[in-house]
Amino acid sequence: MEEIKIINDNNIILKGKYFKVSEKKCCIFFHGFAGHFGSMAEDLQKKCNDNGISFLFGYTTGYKTIYPMKKKVNGEKIEIVQGGCYENLENYYFDYKAWFDFLKRENYDDIYVVGHSLACNKIIDYFSKYEIDEVKKIVMLAPQDLSKIIYTQKNNISQAKLFMINNKENEILSEKFLGFCPISAKTFLSFGRECFLHNLKYKNANFKYQKLKHIKKPIYIFIGENDEGLNGVSADKYMQRIIKNTNNIQYQVMENCNHTFKNHTNVLAEKVIKFILE
């Protein structure tokens, strides 16, 4: 494994874990909100390498909950604080573009894109706007409909609005977001109704999936039947709404799996690599 560093167009230095075994094929894995390199990515990396496919795990500015990074300012490197807590959602583009540019410089013929959770929404947004010929397939793991998520935390809403009025956008709210991540006022409110990443609203029976329809790449969705984001509703019910309104998409509901596929990441990796190799 090689730890690599690249710089995005915002001059932020991003790290990556790079497992190169092929000059022709590479799988890139994007973590979800405040995500990290865990068993999900590790098991997939091993399967990819075993099958002659390089693997890249690209950190984004939303890596982990709170994470120190470096930024180039006037030729000097200064330390900044990033992570899910302070993520500027719109800036995901600079991170993804930087990683895709890196893979292009590596001259791969075939690129496979895998994203978990919020990364699925970012992937949909990115590929609804930009075409990358080298990208052959897309895998979405545990995609989420977060269109109403902040409205379950009413105390945070009022607190965040007050912080914003008083120009304290980076103040951390009293309740953790999604039950695990401290979150700043600005980042929390960015998940509101007008968020551009609400492009997978499968909890709304009338949603049209316009961005997803623009993507012509083959897509496979894997989601756990016990994914906490489903709130007890059948995963099949929601996934069927996506399938009926789009093209080139397959899905599988994995038994006994939660949002992170805990204790089942090796089985998940086998299913993902099977799709990639088809």
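Which elements each supply at least two residues of the lining of the second largest pocket? They are β6 (76-82), α2 (92-105) and α5, with helices (H or I, at least four residues) and strands (E, at least two) being DSSP runs numbered from the N terminus. The model is predicted, so local features need pLDDT of at least 70, side-chain atom pairs count only at pLDDT 80 or more, and totals for chains, interfaces and linings use all residues. Residues are numbered from 1 along each chain as its sequence is written, and side-chain values use heavy atoms, leaving out hydrogens and water.

Back to that pocket: β6 gives the most to its lining, with four residues. A pocket here is an open set of points on a 1 Å grid over the protein atoms alone, where a 1.4 Å probe fits, with protein on both sides within 12 Å along at least five of seven lines; lining residues have an atom within 4 Å of a point. Tyr86, Glu87, Asn88, Asn91 and Lys186 sit closest to the centre of the second largest pocket, out of 25 lining residues.

As for the largest pocket, 37 residues line it, and Ser117, Gln144, Leu178, Phe180 and His259 lie nearest its centre. Helix α1 (residues 39-50) gives the most to this lining, with three residues.

Then there is helix α4 (residues 154-165). Its Asn156, Ile157, Ala160 and Phe163 are buried, meaning under 20% relative accessible area, while exposed means over 50% (1.4 Å probe, protein chains only). Seen down the axis of α4, the buried residues fall within an arc of 135 degrees (taken from the directions from the helix axis to the C-beta atoms), so they line one face of the helix. On the other side of α4, Lys154, Asn155, Leu162 and Ile165 are exposed.
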